[in-house]
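Me: I am new to this structure and would like to know what lies behind the terms used for it. Please set each value against its definition.

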Protein chains: 2
Amino acid sequence: MKILGIDPGTTRIGYGLIEKNGGARLIDCGFIDGGKVPRDKRLTLLERELIKLIKHFNPDLVSLEKLFFTKNKLTAMSVSEARGVIVLTIQKLGIPFSEFTPSDIKATVAGNGRANKEEVRRAVCYTLRVQSIPGPDDVSDALAVALRGSFENPSRYA
Amino acid sequence: MKILGIDPGTTRIGYGLIEKNGGARLIDCGFIDGGKVPRDKRLTLLERELIKLIKHFNPDLVSLEKLFFTKNKLTAMSVSEARGVIVLTIQKLGIPFSEFTPSDIKATVAGNGRANKEEVRRAVCYTLRVQSIPGPDDVSDALAVALRGSFENPSRYA
């Protein structure tokens, strides 16, 4: 079973693909870089790149991080706009998906709902048996979301 | 010049189409009713209905209300998800669009940035020379957004 984890941000959208077959194996990871285009092109870039990723990897499940509600209102609104595009795209492609809160993801993957970025990264490396995860925290976070999605009792978007 | 105003909400998305040619004239108005489908179908319904509206009316400009940041976080995130889908759809169809804050819209249309729903409705009726606007406040609000877009110095989404 292939699971694509997505960590939505204001400019960077991290993604991580794992294969679960008993243990979990890292297949690919990276991020969609919305920072390289002006804001008014960001949502169309996101849709286009996400469609490419999903068509290329053909995941059985998409696992998505629910918005952690930051104190910065503009950030929260911008991330939510990106989430709207992600949810629409996944649904139109007909891929099942689940959503998880940050604390649920951290508790399940790193054993602590308040784990910091570095602890999440180390837990992801340990679980996937890799030395390191390339790129910014958005990438290791996305792999944590994928790992959370690989466990039982996923919550559904509804 | 035809202007489509959109007022995004959690379940209802109000729309109002006006023609500006010297004075402004009401062409059509109504709302997309996301409440009639489960939440996980709402964004795809919104995209589908918005594409229908734009293809049917072929507006020269779409005018969109910027999110008024409510105290209810879930509402704000849900409206932002809808806004993401609206912005994506408008951009993919290649229609120019502008965004305005609620206080800007109210100040321009009703002469008071803190006008209530009823005052906005009356100002819209007066400006468009109609007796009444059918439907919920989302509809008269959307017509106010369209009227704001018909004035000069539109702010751009960027």
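Predicted model: local features only at pLDDT ≥ 70, side-chain atom pairs only at ≥ 80, totals over all residues.

Me: What is the area buried between chain B and chain A, and what share do carbon and sulfur atoms give?

Reply: The area is about 2,200 Å², with 64% from carbon and sulfur atoms. Buried area is the accessible area (1.4 Å probe) that two parts lose on being put together, summed over both.

Me: What makes Lys92(A) and Glu47(B) a salt bridge?

Reply: The rule asks for a side-chain nitrogen of Lys or Arg within 4 Å of a carboxyl oxygen of Asp or Glu. The closest N and O atoms of Lys92(A) and Glu47(B) are 2.7 Å apart, so the pair meets the rule. Between chain B and chain A the count is four salt bridges, and over all chains it comes to 24.

Me: Which parts does the salt bridge of Asp138(A) with Arg12(A) tie together?

Reply: In this salt bridge the closest N and O atoms are 3.1 Å apart. Asp138(A) lies in helix H5 (residues 137–150) of chain A and Arg12(A) in strand S2 (residues 12–21) of chain A, so the pair ties together parts that are 126 residues apart in sequence. Helices (H or I, at least four residues) and strands (E, at least two) are DSSP runs, numbered from the N terminus.

Me: Why are H1(B) and H2(B) called roughly parallel?

Reply: Helix H1 (residues 39–57) and helix H2 (residues 73–92) of chain B pack at an angle of about 30 degrees, their axes 10 Å apart. Axes are lines fitted to C-alpha atoms, for helices over the stretch in contact, and angles run from 0 to 180 degrees between N-to-C directions. Angles under 35 degrees count as roughly parallel, over 145 as roughly antiparallel, 65 to 115 as roughly perpendicular and the rest as oblique. H1(B) and H2(B) are therefore roughly parallel.

Me: What sets Asn58(A) apart, and where does Asn58(A) lie?

Reply: Asn58(A) has a positive phi of about 50 degrees although it is not a glycine. Its place is the loop between helix H1 (39–57) and strand S4 (61–65) of chain A.

How values were computed: Residues numbered from 1 in each chain as written. Chains lettered and ligands numbered in written order. Heavy atoms only, no water.
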